[in-house]
Amino acid sequence: MYDIIIVGAGVIGCAVARELSKYNARILVIEKNEDVCAGTSKANSAIVHSGYDAKNGTLKARFNVEGNRMMEAVCRELDVPFKRIGSLTVCTDADRIGELDHLRERGERNGVEGLRVLSREELLEIEPNIGDEVVAALSAPTAGIVCPFKLTIAYAENAAVNGAEFLFDTKVKNIFSENGIWHIVTDNEEYTAAAVVNAAGVYSDVFNNMVSEHKLHITPRRGDYILLDRAAEGHVKHTVFQLPTAYGKGVLVTPTVHGNTIIGPSAIDIDDRESTATPAEGIDSVIARSALSVKNLPTRQVITSFAGLRAHGDRHDFVLGEADDAENFFNCAAIESPGLSAAPAIGVYIAGLIREK
């Protein structure tokens, strides 16, 4: 029997495992794929958001800002590439400049530091390839970029060195509680634990709904990306967002910590929780929309395209903590953007809740 079983070895599950492994506990991480970082964590924008976009008072706002502040130290401890390059959220319509001020005010209430609205002239001094129709932008100097693969792997390695066990190629089929003990039934065998952490990404609603009357619903939201060769390095120096819509921060253009440039994502709600194909229309849309914020992108230097699935929850916020009607079952559900940014803070928070119990 284990003290804690974590379902899901993405960046959230591995962050929780690392924090829990600081204590004297038997920990098992179960992952249906062949390795850590095989789902959403491997196919995202690799952005550490500043935290201006999340609505005030939400878990997204709280853990984004906390995670951003923690990220540099965590990456230094784990030897993971991280750069605080700052972000620019551009506006292409003079009638919408006021929305930049609203975002700045929201961000300041969330605790984000250094936010400032820049004129087109100021933008051109720092980003000469900014789109011709851009009239202003919100500057967020605390934003950064990270390697999501290395971060997830480093979390897992640190947890494993501290004694946490990892079980791959193992699908969880059922979860139930009996006499205060949690039973996790997999396609291999059954495991038991005193506590369960549900960090299963686009499947987190499935496992919550097995044990709780408070049902969740996750919609897989596909995001298509393209990656440019390192020859395009320097075309942009900051992460360049577009003014947010209901589907997120639009198509971004950003450097990566490895010297490439990434463009994306699209935002397409689908039913298939495993569908990560990259249809031509999705890639074409990403390229066309990116031109609104950054001009002359060398799209002939595309070296690959890929897609990731975001776990979009109907509540439009993270679901974190112990389920009200399922004692010692802890959710890390509906973790979409800014989940990567929030991961260090979520790991500490969930581990703290379990430690207190």
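On helix 3, the exposed residues H102 and R109 sit on the face turned away from the buried side of the helix. Keep in mind as you look that this is a predicted model.

Now turn to the other face. The buried residues of helix 3 are L100, L103, G107 and N110. Why do they share a side? They cover an arc of only 80° around the axis, which puts them on the same side of helix 3.

As for the helix itself, helix 3 runs over residues 97-110, 14 residues in total, and its first and last C-alpha atoms are 20 Å apart, close to the 20 Å expected at 1.5 Å a residue.

Let's move on to the rings. Across the whole structure, a search finds four aromatic pairs. One of them joins W182 and F329: the ring centres are 5.5 Å apart and the planes meet at 50°, so this pair is tilted. W182 belongs to strand 11 (residues 181-186) and F329 to strand 20 (residues 329-333), so the pair ties together parts that are 147 residues apart in sequence. Both W182 and F329 are buried.

A last stop involves a ring and a charge: the charged end of R26 sits over the ring of Y2, at 4.2 Å from the ring centre.

Definitions and conventions
Residues numbered from 1 in each chain as written. Predicted model: local features only at pLDDT ≥ 70, side-chain atom pairs only at ≥ 80, totals over all residues. Heavy atoms only, no water. Helix = DSSP H or I, 4+ residues; strand = E, 2+ residues; numbered from the N terminus. Expected span 1.5 Å × (residues − 1). Buried < 20%, exposed > 50% of the residue type's maximum accessible area, 1.4 Å probe, protein only. Arc of directions from axis to C-beta. Phe/Tyr/Trp six-rings, centres within 6.5 Å; stacked < 30°, edge-to-face > 60°. Lys NZ or Arg CZ within 6 Å of the ring centre and 35° of its normal.
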